[in-house]
Structures are given as C-alpha cells and as structure tokens.
Amino acid sequence: MERGDEKVQLITYADRLAGDLPGLAALLRREPFAEAFAGVHVLPFYTPFDGADAGFDPSDHTEVDPRLGTWDDMRELSTTHTTMMDLIVNHVSSDSAAFQDVVARGRDSEFHDMFLTLGSVFPDGATEEQLTGIYRPRPGLCFTPMTLGGEKRLVWTTFTPQQIDIDVRSAPGRDYLARILERAGDAGVSLVRLDAVGYAIKAPDTTSFMVAETFDFIEDFTEQARGHGVGVLVEVHSYYRRQLEIASKVDLVYDFALPPLVLHALYTGHGEVLKQWMEIRPRNAVTVLDTHDGIGVIDVGPSSDPGGGPGLLSDAQMDELVEGIHSHSGETSRESTGAAASNLDLYQVNCTFYDALGQDDRRYLAARAIQLFTPGIPQVYYAGALAAVNDMALLRSTGVGRDINRPYYDGPALEAALSRPVVRAQLELCAFRNELPAFSGDVEVGLDGSALTMTRRGDDAWATLAVDLASGATVIQWEGPRGRGSTEDLLESPPKV
C-alpha cells in the first residue's frame with residue numbers, strides 16, 4: 001500500500017460486532033464509524049466461522065459461511081472500504097473434506113501429500129535433538145497421533161489437533177492456496193494477512209520457523225497475489241531483530257513491539273525504549289495496540305535462539321510488564337492467560353488494552369494517540385475501538401482465554417458503548433488522523449524526562465503529540481489547510497480538523 005492508503009482501519013469479526021457481513025457494511029457506513037475507519041480487516045468469515053479456533057480452523061477456506069453472507073457481500077463492502085482478509089496458509093481444519101478423505105483412504109487419497117506428517121518431513125526418522133529444536137508457540141511437540149487409512153501416523157499439528165498443517169509446497173497444497181487467493185481477488189479484497197506464515201515451511205535440522213525457504217515462499221506467494229491485485233501482510237511474532245529482517249524482504253509486517261512498549265512507557269513513566277524503537281522500527285508496518293490474539297510480549301523480549309541477543313526489554317522488565325497487565329486489569333487477565341484458561345500460547349497476555357491501562361480513559365487515549373502518530377497503517381481492534389473491559393462472563397462460559405477480549409455486541413450494547421465519552425473521543429481521534437494531511441510524512445520523536453513528543457509533517461500540514469508518560473497528560477497541536485488548532489484534553493475536547 002502507498003502512503004496515501006495509510007488511513008485507519010478496523011479489525012473485527014463480522015458476527016461479534018454486526019451480526020453478519022451486510023450488517024458490518026451498514027455499520028461502517030454510518031457515523032461515527034464512517035469517518036473513523038477507511039478500511040476493515042474482517043476476521044475469518046469462512047466455513048465454519050465458529051470452529052475450534054474462532055474461524056482460524058476453516059474446513060472450507062474458499063467459501064463464506066452462509067450464516068455470515070457471501071463473497072458478493074465482501075465484494076460490495078470493498079466498493080466503499082479497503083478490505084483485508086486472513087489467508088490461513090499453515091493449516092486447515094481436521095473436518096475439511098480433503099483431510100477426511102486422507103483419514104478414510106490414507107496414502108491412496110489424492111490429498112495425501114497436502115498434509116504434513118513426521119515422516120513426510122523426516123523420512124529417515126528424527127532424533128530427539130531435531131524434534132526438540134522445532135519451535136512451537138505452545139508447550140509440547142507439534143505432532144498428534146492419528147489413523148490415516150488404517151495406518152497409525154504422527155500428523156503435524158503446530159497449534160491444535162483440530163488444525164492440520166499443510167504442505168504448502170505440494171501440488172494439492174499450492175492449488176488450495178491459489179483457489180483462496182483467486183476468491184480474494186475476485187471479491188475486491190485489497191490485502192491478505194498471511195496468518196501463521198512463519199510456521200508454513202518445515203525443514204529438518206532447523207526450528208521450522210521463519211527458515212530461509214519461508215522467505216522464498218512469501219516472495220513467490222506475494223508475486224502471485226499481486227497478479228490478483230492483492231497486497232500481502234506478513235503476520236509473525238518473533239524477536240525484534242528478526243522482525244526487522246523480515247520487514248526488509250516483504251511488503252508489510254505488523255509492528256507487534258509497539259503495544260508492549262507503549263504499556264511499558266505508561267506504566268513506568270520512562271520512554272527511552274519506546275523512543276529507541278521509533279528510531280529503528282520498520283516503516284512498512286501495520287500498527288496495532290490490540291488484536292484478537294491479545295497483547296503480544298515475545299516481540300520485545302530476548303531472542304530464544306541459543307546465544308541470541310537481548311530484547312528491547314530485559315527479562316525483569318518483561319516480568320514487570322506482564323505483572324503490570326494483571327495488576328491493572330484487577331487480576332482478570334491472569335485468569336485468561338496460559339494454562340489458566342485452555343490457552344497455552346507462550347507469547348501473549350489475554351486482556352483488553354483498556355483494562356491493561358486500568359480503565360483510565362485519558363491514559364487510554366494517550367496510548368491510542370501514540371499509535372496513530374506512529375508511521376504505518378493504523379488498525380484498531382473492535383474491542384479496543386469500543387474501550388471494552390475484559391469479558392469475564394464469556395470467558396467463564398467458553399473456558400477459552402482469548403474470549404476475554406472477543407466480546408459480542410448486540411444493538412443495545414453497541415449503542416451503549418458508542419455513548420461513552422472515551423469511545424466517542426477515540427473515534428474522533430481516528431477521524432482526525434484520517435483527515436489531516438500531516439500524517440503522510442515520517443515522525444520526529446523527542447524525549448525530555450517523562451515528556452514524549454511525536455511530530456508528523458507532510459503536504460503543508462503538521463501535527464505534534466506531547467504525552468507526559470508519568471501523568472498521562474496529553475496535548476495535540478496541529479496546522480493544516482483549515483488552519484491551526486490545539487487541545488489539552490483528548491477526552492473532553494478531541495482534535496478536529
């Protein structure tokens with residue numbers, strides 16, 4: 001995407017915010033959403049959207065779940081908004097027709113080579129050292145015993161036994177991904193997010209995570225996507241230096257280091273590490289504070305490789321950050337993270353960003369302002385857009401840790417959220433970011449004690465954000481085609497161009 005496309009986008013499930021795809025289109029075209037969001041990342045809407053991993057385990061990735069709509073609905077939404085969808089390259093549901101054919105027929109199935117097993121990657125067997133060297137974002141080995149065509153096999157399952165890893169280099173695997181990409185292009189989708197792409201290539205004697213061949217795969221897939229008029233966003237949680245390396249080789253990456261560093265700065269009043277990151281971070285980035293996956297922390301920690309380098313934060317600072325999230329959320333996030341709630345991801349804390357800041361409206365708006373002043377494409381998760389608190393009722397109903405940050409909104413609940421001053425102010429801040437032409441330029445960052453300043457300049461306009469990280473006090477000043485303006489209270493008087 002070009003600089004002119006760097007307007008604010010929403011990240012959302014169609015069903016949890018608006019019921020279905022037509023409902024989402026209608027919502028995005030009404031105020032206050034219309035001015036706040038120029039684009040939308042629609043989280044998985046494939047068949048089924050409510051499987052074992054909230055749509056990230058599709059049984060048929062080429063079809064829209066009919067309960068949510070059709071590809072025509074995505075095409076219609078794309079006429080007014082930049083649209084983005086997930087392309088889940090690493091795995092498919094164990095309920096998929098292709099895998100079930102392998103379950104029934106084993107090696108005789110035409111889809112046999114589409115799925116990875118221990119034997120397909122290690123045909124001569126694997127040593128203990130090789131197996132323990134494979135990187136997995138959860139405890140344990142990434143294999144599940146299954147019977148395929150009457151034969152006991154060890155199937156590669158990086159995430160859960162319901163998510164079967166694909167051999168993306170096999171003929172049926174390539175055909176499968178090509179059909180999904182064709183659907184995206186036909187529906188007018190502007191961008192695909194390569195979900196879990198870091199795990200897509202498995203190779204003996206490596207971690208099987210972001211290996212050299214992974215970059216080759218991403219390069220080839222990106223070229224294929226461009227042929228359909230679709231851009232590619234790479235989704236990888238990893239050591240920050242690896243992220244910088246990845247960014248230099250792909251179209252777009254996430255800036256997953258930004259959220260924990262913003263929290264660290266607002267918790268401690270110290271902005272040195274945040275300023276350091278602002279100086280070296282990739283510019284071809286999508287910025288977030290919150291996502292459907294929680295608040296990532298691995299991205300600012302030390303390298304997990306033997307002899308790897310230090311992180312942006314030390315181990316002690318990482319511990320303080322995680323404990324800070326739990327403390328600010330009234331310990332609710334502790335109930336939803338790790339083994340406490342059937343969520344064994346090693347790199348995230350499950351919590352809304354609003355609760356991670358203790359439901360402090362002004363600090364929350366300061367955090368969002370820092371994101372919006374950071375170069376890149378800003379994306380705001382729907383729970384964050386509505387300043388949601390941790391949904392403990394949903395967590396206790398499902399037992400799924402991530403559901404604490406995946407609330408459902410019906411009509412009355414949505415209108416109640418939109419009536420809150422912090423929500424209205426945040427959406428007006430997004431509209432300000434979209435309308436002022438200053439944000440086409442890079443950022444100048446200053447730090448004096450706890451006072452952080454960020455200035456953007458471009459197209460005969462400028463804007464300066466000043467945040468006292470210790471107190472949360474925030475000031476924005478700007479000048480554009482319609483003159484100058486300033487505000488010293490984002491909650492009571494959000495900026496307007």
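The structure is a predicted model, in which local features need pLDDT of at least 70 and side-chain atom pairs count only at pLDDT 80 or more, while totals for chains, interfaces and linings use all residues. Residues are numbered from 1 along each chain as its sequence is written, and side-chain values use heavy atoms, with hydrogens and water left out.

On a 1 Å grid over the protein atoms alone, a cavity is a set of points where a 1.4 Å probe fits but cannot get out, a pocket is an open set with protein on both sides within 12 Å along at least five of seven lines, and lining residues have an atom within 4 Å of a point. The volume of the second largest cavity is about 60 Å³ (the space filled by probe spheres set on the points, with grid points joined across faces, edges and corners). Five cavities of 30 Å³ or more are counted.

The largest pocket holds about 440 Å³ of space. Its lining comprises 21 residues, with Tyr-135, Ile-298, Ser-303, Ser-304 and Asp-305 closest to the centre.

In helix H2 (residues 21-28), the buried residues are Leu-21, Leu-24, Ala-25, Leu-27 and Leu-28 (buried means under 20% relative accessible area, with a 1.4 Å probe and protein chains only; helices are DSSP runs of H or I, at least four residues, numbered from the N terminus). These residues lie on the same side of H2 because they cover an arc of only 165° around the axis, taken from the directions from the helix axis to the C-beta atoms.

Technical notes: Buried means under 20% relative accessible area, exposed over 50%, partly exposed in between (1.4 Å probe, protein chains only). Helices (H or I, at least four residues) and strands (E, at least two) are DSSP runs, numbered from the N terminus.
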